[in-house]
Amino acid sequence: MEKIIRNQKGKTILEVLVVDDNYAWSIASDIRKVFNEEVKIDEADTVKKAIELCRTRNYYLILLDYNLDFNYELGGYNKGERVALDIRKIFPKANIFGLSSSWNDELASSAGLNGYGSSKNDAIKYIKSLLTEKEGDNK
């Protein structure tokens, strides 16, 4: 079961992992600016680090780039669908959102993504929908 934490005021806080070998810090920074205390973000700039974090943490959402580093130790693949499938082996109920213009309906479906988009704004909209959904569940 995904982890939902609450702040002192009882407001839902989503734990998010951003996996991007080039722009994780930038995406995370933009999301922090929009959501402030509603989202706690970890960043992984390598697939290896993302897999390690998924083994030790229970993220509510994973934002996943498509074109990732070439030194992926779990099989030599550097594409997001392989990474998503490997994350699902560790964390079957993971909420994974593909974040890259390379994702499309077919790739997202084969990777078992919960959604995908090509911009930070798409990720922000998705996070807003999750927060709204979780706040509704708490009423």
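I will take confidence, then salt bridges, then the nonpolar cores, and end with one arginine.

This is a predicted model, in which local features need pLDDT of at least 70 and side-chain atom pairs count only at pLDDT 80 or more, while totals for chains, interfaces and linings use all residues. Residues are numbered from 1 along each chain as its sequence is written, and side-chain values use heavy atoms, with hydrogens and water left out.

Confidence comes as pLDDT, the predictor's score for each residue, from 0 to 100. The protein chain has a mean pLDDT of 82, and 80% of its residues reach 70 or more. Which of its elements have the lowest and the highest mean pLDDT? The lowest is strand S1 (residues 4-6) with 57, and the highest is strand S6 (residues 115-117) with 95. Helices (H or I, at least four residues) and strands (E, at least two) are DSSP runs, numbered from the N terminus.

Now the salt bridges. A salt bridge here is a side-chain nitrogen of Lys or Arg within 4 Å of a carboxyl oxygen of Asp or Glu. How many salt bridges does this rule give? The count is seven.

One of them joins Arg-57 to Glu-15, with 2.4 Å between the closest N and O atoms. This pair links distant parts of the chain, 42 residues apart: Glu-15 is in strand S2 (residues 12-19), and Arg-57 is in the loop between helix H2 (47-56) and strand S4 (61-64). For accessibility, buried means under 20% relative accessible area, exposed over 50%, and partly exposed in between (1.4 Å probe, protein chains only). Glu-15 is buried at 3%, whereas Arg-57 is partly exposed at 26%.

Next, helix H3 (residues 80-90) holds both Asp-86 and Arg-82, four residues apart, about one turn of the helix. Their salt bridge has its closest N and O atoms 3.1 Å apart. Asp-86 also meets Lys-89 in a salt bridge, at 3.3 Å from N to O. Is Asp-86 buried or exposed? Asp-86 is buried, with 5% relative accessible area; Arg-82 is partly exposed at 22%, and Lys-89 is exposed at 64%.

On to the nonpolar cores. A nonpolar core is a set of buried Ala, Val, Leu, Ile, Met, Phe, Trp, Tyr and Cys residues joined through side-chain atoms within 4.5 Å. The largest has 24 residues, and those touching the most other members are Leu-17, Val-19, Ile-62, Leu-64, Ile-87 and Ile-96. Two or more residues come from each of S2, H2, S4, H3 and helix H4 (105-111). H2 gives the most, with five residues. A second, separate core has 20 residues, including Val-18, Ile-31, Val-39 and Leu-63.

Contact means heavy atoms within 4.5 Å. Not counting residues up to four places away in sequence, Ile-87 touches Ile-51, Cys-54, Ile-62, Ala-94 and Ile-96.

Last, Arg-88, also found in helix H3. Arg-88 is buried, at 18% relative accessible area. Leaving aside neighbours within four places in sequence, Arg-88 is in contact with residues that include Lys-93, Ala-94, Ile-96 and Asn-114.
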